[in-house]
Amino acid sequence: MASGYDQGSRNRMAGTLILAGDIGGTNARFELHEVFSRNYKNNDYEKFHDVLAQFLRDTEEDTSQHIHSIASACFAVAGPVFKNIVRLTNRGWVISAMDIERSFNVGTVRLLNDFAANGYGLLTLSTDEYEVLQEGDVCPTAPIGLIGAGTGLGECFLTCHNEVYDAFPTEGGHVEFAPRSDLENELVRYLAHKFGCDGSWGRVSAERIVSGKGIVNVYEFLANKFPSQIIEGKHNVIMNSPEGGRVVSEMAYDYSLAKKAMEIMMGTYGAVAGNMGLKLLPYGGIYIAGGIAPHNMEYIVGDDSVFMQAFHDKGRVASVLNDVPIRLVRSEDLGLRGAHVVASRLLSTLDDDGASQAIKNDFKASLSSSELQEVRRPARFEYEQPIVPSRNISSDLLIVGVTSFSAALIGAGVFYFFSRRFS
């Protein structure tokens, strides 16, 4: 969506506004749906309210319209949300949904774990926005899994109820790392020593390997084990770079230790994704997101890739993964798109007083027919959701009544029999 302003934007400003945001440790991304969007560097602001206020000022300046109120808002946030309050993990900002509602005249606000927001973002994908790694056999309404490696390793899952998918965050990236070779057994011992304290062994999670920092951890282990293969100039660049994982992947083409580090990391990535497949049986699909996968396709695409081989390396239960659809997401704005999905859904939860009903009516009137359909049925994949047959409530009540009456007659008969027998 362009950040410019047009007549369609003017119509939106006159109607109902939906605000979405993706707030990480480094960047804050905002979008007033079909009106204006902009990204900001968090280091430039003391607190979250400051950057949000700046976005709203920029919106008014760009559109030459005053923002009186916002109907609903959802913010994807990089931290654990409790009672609609979050302290950002890598920033220290405290964000409260209630404070946002009061300070910025927003009808309703929801804070959402950033990876759960990515899960909702999946519901907006079209088929040209992902790469098919395994076709599988898509089962409508089946669970969906999402896993993504970047700065860390995130996981979430989606389940379907009444034709609508909801996303749920997990901390699956912090499960124990399970070595699959002698070399990886040495790796886990090396990392356990590295992350231990006071001489004790530390716990090694999957994220210690499958992440940007994880790539550097694996490289460091290999450099320690095979010092004769170190190329000093490249080694120094990797170890001194704040983005060492990216540097390792770029050097993998002509540096054997870097290539081996990427192979171990990507193999572990595939194994963890396969573990998700076993736990969820996600015949709605497993989606691979995050910043690492799209830039390292050579380790992922193809049945003989290290990722796919590790995904299927599950012994006697490997066959259950053959029909799981696997997709690699190219889009990098899943969080923002997912926040918009949730903000749109929030409109239906507003109180049914006059003002709230007017907001809903204005919003619906401002949507095109295709947009209105997306709000009503946000899940969109390459299959159609099945229609759930409606139930006849009157028939159900009649069945319950007849059953209860029959049970009462039987009980009375039993009581009469025993009272006559023992009287």
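**The H4–H11 contact and its surroundings**

Modeller: Start with the residues that touch. From H4 come Ala117, Asn118, Tyr120, Gly121 and Leu122; from H11 come Leu334, Gly335, Arg337, Gly338, Ala339, Val341, Val342 and Arg345. By class, the contact of H4 with H11 has seven nonpolar, four polar and two charged residues. Keep in mind that the model is predicted.

Now the geometry. Two packed helices are described by the angle between their axes and the distance between the axes. H4 covers residues 114-122 and H11 covers residues 334-346. Their axes come within 6 Å and cross at roughly 80°. Angles of 65 to 115 degrees count as roughly perpendicular, so H4 is roughly perpendicular to H11.

Arginine 110 ties into this site. Arginine 110 belongs to strand E8, residues 106-113. Setting aside neighbours within four places in sequence, arginine 110 is in contact with Tyr120, Val342 and Leu346, and also with Ala73, Cys74, Phe75 and Asn84. Phenylalanine 75 is 35 residues from arginine 110 in sequence, yet their C-alpha atoms are 6.6 Å apart. Arginine 110 has a relative accessible area of 31%, so it is partly exposed.

Cys74 is one of the contacts of arginine 110. Cysteine 74 has 0% relative accessibility and therefore counts as buried. Cysteine 156 is at 1%, so it counts as buried too. The structure holds zero disulfides.

Next, glycine 79. Glycine 79 sits in the loop between strand E4 (70-77) and strand E5 (81-82). Its relative accessible area is 7%, so glycine 79 is buried. Beyond neighbours within four places in sequence, glycine 79 is in contact with Val86, Arg87, Thr89 and Asn113. Glycine 24 lies 55 residues away along the chain, with a C-alpha separation of 8.6 Å from glycine 79.

Step out to other helices. H2 runs over residues 48-63. Its 16 residues should span 22 Å at 1.5 Å a residue, and the end C-alpha atoms are 23 Å apart, so the two agree. Buried residues of H2 are Phe48, Val51, Leu52, Ala53, Phe55, Leu56, Asp58, Thr59 and Thr63. Just past H2, serine 64 takes a positive phi of about 60°.

H5, residues 182-194, has 13 residues. From first C-alpha to last it reaches 19 Å, close to the 18 Å expected. Leu183, Glu184, Leu187, Val188, Leu191 and Ala192 are the buried residues of H5. Their cover includes helix H6 (212-225) and helix H9 (256-280).

H8 spans residues 244-251 and holds serine 249. At 12% relative accessibility, serine 249 counts as buried. Apart from neighbours within four places in sequence, serine 249 is in contact with Met262 and Asn296.

Last, the whole chain. Its secondary structure comes to 14 helices and 14 strands. Of its 423 residues, 46% count as buried. Take the contacts between residues at least 6 apart in sequence: 69% of them join residues at least 24 apart.

Terms used:
Residues numbered from 1 in each chain as written. Predicted model: local features only at pLDDT ≥ 70, side-chain atom pairs only at ≥ 80, totals over all residues. Heavy atoms only, no water. Axes fitted to C-alpha atoms, helices over the stretch in contact; angles between N-to-C directions. Helix = DSSP H or I, 4+ residues; strand = E, 2+ residues; numbered from the N terminus. Parallel < 35°, antiparallel > 145°, perpendicular 65-115°, else oblique. Contact = heavy atoms within 4.5 Å. Nonpolar A, V, L, I, M, F, W, Y, C, P; charged D, E, K, R; others polar. Disulfide = S-S within 2.5 Å. Buried < 20%, exposed > 50% of the residue type's maximum accessible area, 1.4 Å probe, protein only. Expected span 1.5 Å × (residues − 1).
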